[in-house]
Structures are given as structure tokens and as C-alpha cells.
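Here are my notes on the model you sent. Please read them with the structure open.

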Amino acid sequence: MTAPQEPPSRTARSGRPSARRAQRPVVAVVALGGAAGAAARYAASLLCPSPQGAFPWTTLWVNVAGCAVIGVFMVLVTEHRTAHPLVRPFFGTGVLGGFTTFSTYAVDVQKLLDGGRPATGLAYLAATPLAALAAVWLAAAATRSAVKAATRSALKGRQP
């Protein structure tokens, strides 16, 4: 049996890889990062399980922590340093996308509502996006301040 033949790519005609071929490394690093992030989230749920019907603190803190890390990460890789082109897809989309979880958040809200805990469900429904957005904003602002302070300090040290 022979391997399936790929359709002719632009490589032969223009010297550039086809769009599909160029995206393979990106897809691969997103998948690897996603697996690592999902494993970390699962580990957090095993280390700190939420009792049935209780406020899902672990999922809330995982989402908030992931959003804070993305705030730091994006400032560093977009405003401070130039990163390898695969760093953002691996870490930002893959690891942090796998770590944070909208699906578990939605299921947790539904379980609280179905379990006769509408006030807790609605509080969680509101608290998660508010805390996540605040975490991104605060972490990005703190990172910008820290980078500015470090840059000023480094410049002071160079002055005669």
C-alpha cells in the first residue's frame, strides 16, 4: 500500500510553502501546549476538588490565574521582547487556552442552577468574567510598570 499523495503545493511553483503546510508547526505547538494546559487544569481539580453543589472555587481560580498569566505574557511578548513566532501559539493559545476553561465554567453554572442554588450559580456566572477581566488588566498594568521600572534602573546603572 502506498502513502496518499499530497496535492501539488505552491512550493514547486513559487518557492513558498503552501498555507496548509506553513500552519503545521503552529497546529502542532497549539496541540502540545493545549495538552499541557489541560493536564495542569485537571491536576488543579484533583488537588482542590469542589464539593458537589458548592461554589466552584477551583475553576474560578484556574480561570483567573490563567487570565493573569496571559496579561503578563502578552505584555512581555508584544511590548517588551520579540518572541519566536511559535511562542504565542504554544503558550498563549495552547497552554493557557487548555488551562483556562469556559466549558467547565458553563457546566458548573448549569449544575448550580439545576441543583437548586440559583443565587450561587448567578454569583459565579457574574464573578468569573469580572474577575478574569480584572486579572488580565491588573497583571498587564503591573507588568508594564515592572518593565518600566527595570528599564529605568538598568539605564541608571549605565550612566557615568
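Predicted model: local features only at pLDDT ≥ 70, side-chain atom pairs only at ≥ 80, totals over all residues.

1. Where is the place of Cys 48? Cys 48 sits in the loop between H2 and H3. Cys 48 counts as partly exposed, because its relative accessibility is 46%. From Cys 48 to Thr 59 is 11 residues in sequence. In space the C-alpha atoms of Cys 48 and Thr 59 are 9.6 Å apart.

2. Cys 67 counts as buried, because its relative accessibility is 18% and the cut-off is under 20%. Cys 48, at 46%, falls in the partly exposed class. How many disulfides does a search of the whole structure find? The search finds zero.

3. The overall layout is next. The protein chain has six helices and zero strands. From the N terminus on, the order is α-α-α-α-α-α. The protein chain has 160 residues, and 27% of them count as buried. Take the contacts between residues at least 6 apart in sequence: 67% of these join residues at least 24 apart.

4. Now the pairing of H3 and H4. Two packed helices are described by the angle between their axes and the distance between the axes. Helix H3 covers residues 57-80, and helix H4 covers residues 87-99. The axes of H3 and H4 come within 9 Å. They cross at roughly 170°. Are H3 and H4 roughly parallel or roughly antiparallel? An angle over 145 degrees counts as roughly antiparallel, and H3 and H4 are therefore roughly antiparallel to each other.

5. Which residues make this contact? On the H3 side they are Val 62, Ala 65, Gly 66, Val 69, Ile 70, Phe 73, Met 74, Val 77 and Thr 78. On the H4 side they are Val 87, Arg 88, Phe 91, Gly 92, Leu 96 and Phe 99. By class, the contact of H3 with H4 has 11 nonpolar, three polar and one charged residues.

6. Gly 66 lies in helix H3. Its relative accessible area is 3%, so Gly 66 is buried. Leaving out residues up to four places away in sequence, Gly 66 touches Leu 96, Phe 99 and Thr 100. Gly 66 and Gly 97 are 31 residues apart in sequence. Their C-alpha atoms are 8.3 Å apart in space.

7. Which residues of H4 are buried? They are Pro 89, Gly 92, Gly 94, Val 95, Leu 96, Gly 98 and Phe 99. The buried residues of H4 pack against H3 and against helix H2 (19-47).

8. Thr 101 is in the loop between H4 and helix H5 (102-114). Is Thr 101 buried or exposed? Thr 101 is buried, because its relative accessible area is 5%. Another polar contact, of 3.4 Å, joins the side chains of Thr 101 and Ser 103. Setting aside neighbours within four places in sequence, Thr 101 is in contact with Arg 41, Thr 59 and Asn 63.

9. Thr 120 belongs to helix H6 (residues 118-158). Thr 120 has a relative accessible area of 17%, so it is buried. A polar contact of 3.1 Å joins the side chains of Thr 120 and Arg 117. Not counting residues up to four places away in sequence, Thr 120 touches Phe 55 and Leu 112.

10. What does Ala 135 touch, not counting residues up to four places away in sequence? Ala 135 touches Val 64, Cys 67 and Ala 68. Ala 135 is found in helix H6. Its relative accessible area is 11%, so Ala 135 is buried. Ala 135 and Val 64 are 71 residues apart along the chain. The C-alpha atoms of Ala 135 and Val 64 are separated by 6.0 Å.

Note on methods
Residues numbered from 1 in each chain as written. Heavy atoms only, no water. Axes fitted to C-alpha atoms, helices over the stretch in contact; angles between N-to-C directions. Helix = DSSP H or I, 4+ residues; strand = E, 2+ residues; numbered from the N terminus. Parallel < 35°, antiparallel > 145°, perpendicular 65-115°, else oblique. Contact = heavy atoms within 4.5 Å. Nonpolar A, V, L, I, M, F, W, Y, C, P; charged D, E, K, R; others polar. Disulfide = S-S within 2.5 Å. Buried < 20%, exposed > 50% of the residue type's maximum accessible area, 1.4 Å probe, protein only. Polar contact = N/O pair within 3.5 Å; in protein donor to acceptor, adjacent residues only side chain to side chain.
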